[in-house]
Amino acid sequence: MTTQPIRVCAFHDQRPAFAVCMSCAKLLCQECASQWDGIWHCSPCLAAKRTAIHSESHAGGWIAVSAVSILLLFVCAKVMVWTGALLAGLL
Amino acid sequence: MIRAPLSTSSVLDEAAETVRKVASPWAALSIVTALPYRFAQAVFADRLIQLGIDAQHRANYLLMLAGWTMAAFVVSRWGRLVFARAVRLAVESGRAPGAAALRVRFTVLLDYLYVSLFLECVSIATLMTCLAPLLCTIVTGLAVGTAESNDRPSLAAPFRRIAKIGTNVRTATAVALVFVCAAAVAAVNVAGAFGAGLWLGSAIGGWDAQRWMLIVSPSNRRFILTVIAGALVALEPFWVGAYVTFVRKAGVVESGDDLRQWFEELRSA
């Protein structure tokens, strides 16, 4: 008769496994397992995901907002002159 | 701690209290950065009135003045954001913030600059309608209140945030109308301060009091424009404070945080 090996947490060998990290397939105890978007993850994988999200490039946004701001700066000066000249002519 | 429900009077009361806390030195910074912009506007308006119908033939000169005005505009928006951040930090911590108020993120500055430039453009283009500039003033106020929550540069996100908070249209409009009335009162006070200064100065001999009487008189166009600019500069910190408080209160009420905070305070009492 063979005995089933007790599955333990990859980070705490005294604690029984509770879940499996869906990123690195490590066994996790209740304390180490964190659910994100309905999926279990270990702390290092969760931290890596978080870093990846935060370091996501927003280059498109930066370029678009900067370009529109510079354009608006010039347009605003022009609109000031046009409206001003129009009002000065009316007054 | 927020207990009073969202209303015009509660927003103005809380804003007045917070502005008093952050007045030194952040209100001074806000005023100093707003001064060049308001006075550049006054100079621009003065030249326009002076040129009259000839203004159409002096486009290059006016464009140069408008360019300087827009450069001052950028500086004034930075000062406004620093003051808005100081108000928010003071509301959260209950005491005057230190140098942390100066740490305005570049994303926040860029997004606010873009939104305020767009609104300024619309406001100037629709100047003759009177109602549209008032609407732009409300949206600019909401923009300064929501600016700190912009965490990434985006063309649409700032307007979405403004639209979300702007559902409390009645209070936002009421706050703007209070400031329209306050601007008139502030202008009278600024003119009164000039008059009082002149009256006190007339007691001292050795200077041409008559000439100054002419300069500081309602018949002088430049004096009137200076008084309007001065009134707007004096109101700026209160206006920013009111809209930051309004946005915070509206957001807190929406998320139910006020009840949670109140409940926690009751439990700890």
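Along its sequence, chain A runs in the order β-β-β-β-α-α. The model described here is predicted. Chain A accordingly contains 4 strands and 2 helices. Of the 91 residues in chain A, buried residues make up 19%. Among the contacts in chain A with a separation of 6 or more, 2% come from residues 24 or more positions apart.

**The interface between the chains**

Chain A meets chain B through 22 residues of its own, which are in contact with 30 residues of chain B. On the side of chain A that touches chain B there are 15 nonpolar residues, 7 polar residues and no charged ones.

One part of the meeting between the chains involves α2(A) and α1(B), whose axes come within 9 Å and cross at roughly 40 degrees. Because angles from 65 to 115 degrees count as roughly perpendicular and those under 35 as roughly parallel, this value makes α2(A) oblique to α1(B). The crossing in which α2(A) passes α1(B) is right-handed. From α2(A), the residues that make the contact are A:Met80, A:Gly84, A:Leu87 and A:Ala88, while α1(B) supplies B:Phe44, B:Leu48, B:Ile49 and B:Leu51. Sorted by class, this contact has 7 nonpolar residues, 1 polar residue and no charged residues.

**A helix pair within chain B**

In α4(B), the residues B:Leu134, B:Thr137, B:Ile138, B:Gly141 and B:Leu142 meet B:Ala172, B:Thr173 and B:Ala176 in α6(B). This contact is made up of 5 nonpolar, 3 polar and no charged residues.

| Helix pair | Axes come within | Crossing angle |
|---|---|---|
| α2(A) and α1(B) | 9 Å | roughly 40 degrees |

In soluble globular proteins, nonpolar side chains tend to be buried together. In this model, the largest nonpolar core has 77 residues, and those with the most contacts inside it are B:Phe83, B:Ala86, B:Val87, B:Leu142, B:Ala143 and B:Tyr243. Two or more residues each are given to this core by α2 (59-90) of chain A and, in chain B, by α1 (8-51), α2 (59-93), α3 (106-125), α4 (131-146), α5 (157-165), α6 (169-201) and α8 (221-255). The most comes from α8(B), which gives 15 residues. Another core lies apart from it and has 6 residues, including A:Leu28, A:Cys32, A:Ala33 and A:Cys42.

What is B:Val87 in contact with, leaving aside its neighbours within four places in sequence? The residues are B:Thr18, B:Val22, B:Val240, B:Gly241 and B:Val244.

**B:Val75, a residue of helix α2 of chain B**

B:Val75 lies in helix α2 of chain B. Is B:Val75 buried or partly exposed? It has 15 C-beta neighbours inside 10 Å, and B:Val75 therefore counts as partly exposed; a buried residue would need 20 or more. Not counting residues up to four places away in sequence, B:Val75 touches B:Thr33 and B:Pro36. B:Gly52 is 23 residues from B:Val75 along the chain, and the C-alpha atoms of the two are separated by 29 Å.

Methods: Residues are numbered from 1 along each chain as its sequence is written. Chains are lettered from A and ligands numbered from 1 in the order in which they are written. This is a predicted model: local features need pLDDT of at least 70, side-chain atom pairs count only at pLDDT 80 or more; totals for chains, interfaces and linings use all residues. Two residues are in contact if their C-beta atoms, placed from the backbone, lie within 7 Å. Ala, Val, Leu, Ile, Met, Phe, Trp, Tyr, Cys and Pro count as nonpolar, Asp, Glu, Lys and Arg as charged, and the others, Gly among them, as polar. A nonpolar core is a set of buried Ala, Val, Leu, Ile, Met, Phe, Trp, Tyr and Cys residues joined through C-beta atoms within 7 Å. A residue is buried if 20 or more other C-beta atoms lie within 10 Å of its own, exposed if 12 or fewer, and partly exposed in between; C-beta atoms are placed from the backbone. Axes are lines fitted to C-alpha atoms, for helices over the stretch in contact, and angles run from 0 to 180 degrees between N-to-C directions. Angles under 35 degrees count as roughly parallel, over 145 as roughly antiparallel, 65 to 115 as roughly perpendicular and the rest as oblique. A crossing is left-handed if the near helix is turned anticlockwise from the far one by less than a right angle, and right-handed if clockwise.
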